[in-house]
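This briefing goes through a sheet, its packed helices, the nonpolar cores and a few individual residues. Please keep the sequence and the structure in view while reading.

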Amino acid sequence: MTRPPRRPLTLRDVSEESGVSEMTVSRVLRNRGDVSQATRDKVLEAAKRIGYVPNKIAGALASSRVNLVAVIIPSLSNMVFPEVMTGISEVLDQTDLQPVVGVTNYRPEKEEDVLYEMLSWRPSGVILAGLEHSDASRAMLKASGIPVVEIMDTDGEPVDAVVGISHRRAGREMARAIIKQGYENIGFLGTKMPLDHRARKRFEGFTEALAKHRIEIMDREFYEGGSALKKGREMTETILERSPDLDFLYYSNDMIGAGGLLYCLEKGIEVPQQLGLAGFNGVELLDGLPCRLATMDAERREIGRAAARIVAERASGEVSETGQRIELTPRLQAGDTLRRYRS
């Protein structure tokens, strides 16, 4: 869907929104001059409400864009996002644009800070993970006047363009594959569920598909923290001690799933006959395991490429269309831990 071009916000917009003169607004935003705290608060709240970001490019360059693309991701330790960055770099390397990375640690308030700082340098575009943002972040993105591409997820309403997969669909497809293999006593192990909206959506799709076959999750284990092999081992041990009748474990990502697989192999648990396992993401780490963990490839590198192409084409003027939507298809990889029955 094509949207009308957005006019960059100015000091006058903040002045009108706050009811304070442009000169006073300028003083507040530059942190100069003697301004009362009440007036300062009024100006800052108005700027945040409409999404105004000061321009740090001085003089004659003030109306220009720099050849930078702001790429905002939740984590550098998660193996998923370096693959996305690889796809972005592959495309931008063929242009004059350079990616600059900001990390939010899955915290909405941190995303606000990163966006504010990056937009103040007037980049040529923004690529950021996910569709869930604070009101302030959405306001800044809408007011930026540059290509904005939200990536990894299509289950929601984007600010502008979006490239990703449906995580609810991914969850449903994994549930159907598990049911087809005859598993019924299913446990779910997830990380960062309150903040990782994509993992939450997979869980919702997963439980929805199970419910259609009158199956409920028997047990679940959640935790706050990064995705790691050690944590996967610990979580697997905990859930199996608590619910020994489980015959399948579905992990929110491959790292904890790989840890669970190593735990099962160490304890002599027969996989997949006694206990089936599956993760999500299709990371290359799985190639080095004693047997291949079932997973789903989320097309991360292609997501990065497609997002970068949208930004590059629109920044160059080659494409004027806005609101692009590209939904890729997650691919199930059955591996060695899902097929109880050979079809």
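Buried here means under 20% relative accessible area, exposed means over 50%, and partly exposed lies in between, with a 1.4 Å probe and protein chains only. Helices (H or I, at least four residues) and strands (E, at least two) are DSSP runs, numbered from the N terminus. This is a predicted model, in which local features need pLDDT of at least 70 and side-chain atom pairs count only at pLDDT 80 or more, while totals for chains, interfaces and linings use all residues. Residues are numbered from 1 along each chain as its sequence is written, and side-chain values use heavy atoms, with hydrogens and water left out.

**Strand E5 and the sheet**

- The open sheet has six strands in the order E2-E1-E3-E4-E5-E11, with parallel pairing, where two strands pair if DSSP finds at least two bridges between them.
- Strand E2 (98-103) and strand E11 (325-327) stand at the edges with a single partner strand each, so one side of each has no neighbour in the sheet.
- From one strand to the next the twist averages 15°; angles run from 0 to 180 degrees between N-to-C directions, and axes are lines fitted to C-alpha atoms, for helices over the stretch in contact.
- E5 (residues 161-165) is joined to E11 by three bridges, the two strands running parallel; Val-163 has Ile-326 as its bridge partner in E11, and Gly-164 stands opposite Glu-327.
- E4 and E5 also pair in the parallel sense, over five bridges, with Val-149 opposite Ala-161 in E5.

**Helices on and around the sheet**

- Helix H4 (residues 80-92) packs on the sheet, where it touches strand E1 (68-73), E2, strand E3 (125-129) and strand E4 (148-153), and its direction makes about 160° with that of E2; contact means heavy atoms within 4.5 Å.
- Two packed helices are described by the angle between their axes and the distance between the axes.
- For helix H3 (residues 37-50) and helix H6 (residues 135-143), the packing angle is about 65° and the axes are 6 Å apart.
- H3 and H6 are therefore roughly perpendicular to each other, on a scale where angles under 35 degrees count as roughly parallel, over 145 as roughly antiparallel, 65 to 115 as roughly perpendicular and the rest as oblique.
- Lys-48, Arg-49 and Ile-50 in H3 meet Ala-136, Ala-139 and Ala-143 in H6.
- H6 is mostly covered, with seven of its nine residues buried, and its buried residues pack against H3, H5, E3 and E4.
- Gly-145, which follows H6, has a positive phi near 75°.

**Nonpolar cores**

- A nonpolar core is a set of buried Ala, Val, Leu, Ile, Met, Phe, Trp, Tyr and Cys residues joined through side-chain atoms within 4.5 Å.
- The largest such core has 52 residues, and those with the most contacts inside it are Ile-127, Val-149, Ile-151 and Phe-206.
- Apart from that core lies another of 22 residues, among them Leu-249, Leu-261, Ile-269 and Leu-293.
- With residues up to four places away in sequence not counted, Ile-151 touches Val-84, Ile-127, Leu-128, Ala-129, Gly-130, Val-163, Ile-303 and Ala-307.

- Lys-201 lies in helix H8 (residues 197-212) and is buried, with a relative accessible area of 1%.
- Leaving aside neighbours within four places in sequence, Lys-201 is in contact with Glu-132, Asp-153, Asp-155, His-167 and Arg-168.
- Asp-219 lies in strand E7 (residues 219-223) and counts as buried at 12% relative accessibility.
- Beyond residues up to four places away in sequence, Asp-219 touches Ile-186, Gly-187, Phe-188, Ile-239, Arg-242, Ser-243 and Leu-246.
- The C-alpha atoms of Asp-219 and Leu-240 are separated by 9.3 Å, the two residues being 21 residues apart along the chain.
- Tyr-106, in the loop between E2 and helix H5 (108-119), counts as buried at 11% relative accessibility.
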